[in-house]
Amino acid sequence: MNLAHRLVLTVSGNRLLANPFGMPVVELHTTGRKSGQPRSCYLTSPVHDADRVVLVASKGGDDRHPDWYRNVQAHPDVELVIAGRRRQAHARTASPQERARLWPQITKAYQGYANYQTRTTREIPVVICDLNPQR
């Protein structure tokens with residue numbers, strides 16, 4: 001799906017599929033946890049503001065975490081491209097309290113995430129990408 005999404009965005013000059021379901025598309029750049037090689041994928045962000053971008057590691061309700069999430073766990077310094085702007089960020093899994101606050105906002109933005117959660121026994125991780133990390 002990421003290959004198809006990448007192709008449509010590239011051919012359309014980032015006009016088609018730029019905001020599916022009203023959420024902006026985020027191109028996430030990570031470092032492979034095993035290979036150390038650059039990796040990228042397209043995701044949507046149901047919650048975002050000037051300081052953070054929230055991503056959902058749903059993998060469509062699969063019982064396994066998506067590869068991008070495992071890469072972020074191993075190498076939390078990432079790059080995000082949103083609306084053509086590349087930003088450095090530090091990604092972290094939301095605490096249980098943060099997830100509890102964010103999950104209603106996430107499912108309000110896209111009900112599909114709630115459906116994905118019903119398909120799996122794992123708790124779908126919520127990832128907060130801090131755009132202004134204090135290092």
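Two strands count as paired when DSSP finds at least two bridges between them. Helices (H or I, at least four residues) and strands (E, at least two) are DSSP runs, numbered from the N terminus. Everything shown here belongs to a predicted model, in which local features need pLDDT of at least 70 and side-chain atom pairs count only at pLDDT 80 or more, while totals for chains, interfaces and linings use all residues. Residues are numbered from 1 along each chain as its sequence is written, and side-chain values use heavy atoms, with hydrogens and water left out.

**View 1. Seven strands form an open sheet.** Welcome to the sheet: with antiparallel pairing, its strands follow the order β2-β1-β5-β6-β7-β4-β3. Which strands stand at the edges? They are β2 (38-44) and β3 (47-48); each has a single partner strand, so one side of each is left without a neighbour in the sheet.

**View 2. Strand β4 pairs with β3 and with β7.** A hairpin of three residues leads from β3 to β4. These two strands run antiparallel and are joined by two bridges, with V47 standing opposite V54 in β4. Towards β7, the pairing of β4 is again antiparallel and spans five bridges; here L55 faces V127 in β7. Is β4 enclosed or open? Four of its five residues are buried (under 20% relative accessible area, where over 50% is exposed and in between is partly exposed; 1.4 Å probe, protein chains only), so β4 is largely enclosed by the rest of the structure.

**View 3. Helix α2 lies across the sheet strands β1, β2, β4, β5, β6 and β7.** The helix covers residues 67-74 and runs at about 55° to β1 (25-31). Such angles, from 0 to 180 degrees, are taken between N-to-C directions of axes, which are lines fitted to C-alpha atoms, for helices over the stretch in contact; contact means heavy atoms within 4.5 Å. Look for W68, Y69, N71 and V72, which are buried in α2. They cover an arc of only 160° around the axis (judged by the directions from the helix axis to the C-beta atoms), which puts them on the same side of α2. Their cover includes β1, β2, β4, β5, β6 and β7.

**View 4. Strands β5 and β6 run antiparallel.** Six bridges join β5 (residues 77-82) to β6 (residues 85-93). Within this pair, E79 stands opposite Q88 in β6. Helix α3 (residues 96-109) also packs on the sheet, touching β3, β4, β6 and β7, and its direction makes about 100° with that of β7.

**View 5. The side chains of E79 and R86 meet in a salt bridge.** A salt bridge is a side-chain nitrogen of Lys or Arg within 4 Å of a carboxyl oxygen of Asp or Glu, and by this rule the count comes to seven. For E79 and R86, the N to O distance is 2.3 Å. E79 is partly exposed at 21% relative accessibility, and R86 is partly exposed at 48%.

View 6. How far apart are the closest N and O atoms of D130 and R92? They are 3.1 Å apart. D130 lies in strand β7 and R92 in strand β6, so this pair ties together parts that are 38 residues apart in sequence. The side chains of E98 and R92 also meet in a salt bridge, at 2.9 Å from N to O. E98 is buried, with a relative accessible area of 18%, whereas R92 is partly exposed at 30%.
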